[in-house]
Amino acid sequence: MPERMHDIRRRIRTVQDMAEFTRSLFLVSAVRMQRARQAHQAAQPYLAKSGELSRHLMAEGAVQGRHPFLQSRPVYSVGTLVVTSDTGLCGPCNSGPVRLALALQRELAVPVRYTTVGRWGQRALPAAGVAVTRHFDAMPHGFTVQDITPVARAMMGDFLSGEVDAVVVVHNRFESVLSQVPEAVPLLPLRPEFMMGGGDGPEAGGGPGVAGYHYFEPAPEELLRRLLPQLVTAELYDMLLQARVSEHAARMRAMKAANDNALELHDTLLARYRRMRQTEVTSESRLVGASAEVLREDAERAASGAPVRRRSRLKPATVYSPVSLSGEQQARILQWVHDRFGGSVRFEWLLDRSLIGGIRIQVDGRVFDGSVIGRLSALRARAGGDGHTGAAETPALSARR
């Protein structure tokens, strides 16, 4: 079925709405990404100071290695926290951590207990044949440390109870607006960089003279018992912030690409609509020109005294079609009817949903049926030897009395 102008107009409106929607999402994601980046940058000094203080405490020989978070043990089970979002439209931002988590399970030779943050991971992992032990909804916009405390306590509880011997967080690491990399980061036991100093001066944890520069009250063991859970929570908070920034950056990229595609499709449809409109205007102009030529000839005959051609009465013509006809299609039908009956025809255009595969024209008592049923009837009539040849008069229509 040929494409009609009102169909193209409807598609143009749909594409315009899609372009506005994707542009709105792009702008919203840009603002949210900027806020998440600011929150991530604001949390860095706290995380650095917590790590520095922990290293100073662990520099005490009697303290180092006593806390369970600092003790490595044989790994018989791994707890994996998979961080995704609740919504999509962010490209590979959600599928990347899920694929990495599944690859991690294949590489490890021990059971893996999955905990998910975000509904996307909760749906994707069971679809891949992996059971989810625990689920948390994605963090709200502008979340704080208090919002992620239940997640951190659940992972620390699994580690302290012995259900898992290591905890790994799978999330997207933010590198730039154009680059977000899925990574698996060990969370428990604490990584070696928190067990040693980073320099040679008296401020570096583990260096000589630490005890001379720091006095701890209460005892270092008690301080570590209170500080290390906060350090684990701060580490998890940093990872979730990176995942949130990566989500908004990926959604920005995806919406920018979708907006560009929508605008390109809009230009293509608009050019096609203009061509069809020009064709319709040309066909109508041709009909107007033919009518003007007839009137000019009549005026010349009247001026020369020649008898003017007598106009016959207007013949009624009814055109039945299953769908609305375009201007070009109506012009072709008008030309065909005028060639057979002259210009004294009054047209009426009606819709008939029962027609299949063609149109039916009724002119001054004669019926020209171009539908599938009409053509089959004409073929049967010719096969019966009645000599009827209406279908040969025009390739598009078959005729019958």
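**Exercise 1. Find the contacts of Asp-352, then say where this residue sits and whether it is buried or exposed.**

Keep in mind that you're looking at a predicted model.

Step 1: leave out residues up to four places away in sequence, and Asp-352 touches Tyr-320, Ser-321, Pro-322 and Arg-360.
Step 2: trace the chain, and you'll find Asp-352 in the loop between β7 (345-351) and β8 (360-363).
Step 3: check the accessibility. Asp-352 comes out at 18%, so it counts as buried, given that the cut-off for buried is under 20%.

**Exercise 2. How far can you trust the model, going by pLDDT?**

Step 1: start with the whole protein, where the mean pLDDT is 80 and 83% of the residues reach 70 or more.
Step 2: Over residues 195-212 pLDDT stays under 50, and the model has 27 contacts beyond four places in sequence for them.
Step 3: do likewise at residues 387-401, where pLDDT stays under 50 and the contacts beyond four places number 37.

**Exercise 3. Sum up the overall fold in numbers.**

Step 1: count the secondary structure, which gives eight helices and ten strands.
Step 2: look at burial; 41% of the 401 residues count as buried.
Step 3: turn to the contacts between residues at least 6 apart in sequence, of which 72% join residues at least 24 apart.
Step 4: The protein exposes about 22000 Å², with carbon and sulfur atoms supplying 55% of that.

**Exercise 4. Work through some of the salt bridges, and say which parts of the chain they link.**

Step 1: the whole structure holds 13 salt bridges.
Step 2: take Glu-163 and Arg-113, whose side chains meet at 3.2 Å, N to O. Glu-163 lies in the loop between α4 (145-161) and β4 (166-176) and Arg-113 in strand β2 (residues 112-117), so this pair ties together parts 50 residues apart in sequence. Glu-163 is partly exposed at 41%, and so is Arg-113 at 26%.
Step 3: move to helix α6 (residues 220-304), where Arg-244 and Glu-247 are three residues apart, about one helical turn. Their salt bridge is 3.4 Å, N to O. Arg-244 is buried at 9% relative accessibility, and Glu-247 is buried at 9% as well.
Step 4: stay in helix α6 for Asp-260 and Lys-256, four residues apart. They pair up at 3.0 Å, N to O. Asp-260 is partly exposed at 35%, and Lys-256 is partly exposed at 39%.

**Exercise 5. Which residues form a nonpolar patch on the surface?**

Step 1: the patch is made of Ile-356, Val-372, Leu-376 and Leu-379, together showing about 360 Å² of accessible area.
Step 2: pick out Val-372, which belongs to helix α8 (residues 372-383). Its relative accessibility of 38% makes Val-372 partly exposed.

Terms used:
Residues are numbered from 1 along each chain as its sequence is written. Side-chain values use heavy atoms; hydrogens and water are left out. Patches are made of residues with over 30% relative accessible area and no salt bridge: like charges are joined within 9 Å, nonpolar side chains (Val, Leu, Ile, Met, Phe, Trp, Tyr) within 5 Å. Accessible areas come from the Shrake-Rupley method with a 1.4 Å probe; for residues, only the protein chains shown count as cover. A salt bridge is a side-chain nitrogen of Lys or Arg within 4 Å of a carboxyl oxygen of Asp or Glu. Helices (H or I, at least four residues) and strands (E, at least two) are DSSP runs, numbered from the N terminus. Buried means under 20% relative accessible area, exposed over 50%, partly exposed in between (1.4 Å probe, protein chains only). Contact means heavy atoms within 4.5 Å. pLDDT is the predictor's confidence in each residue, from 0 to 100.
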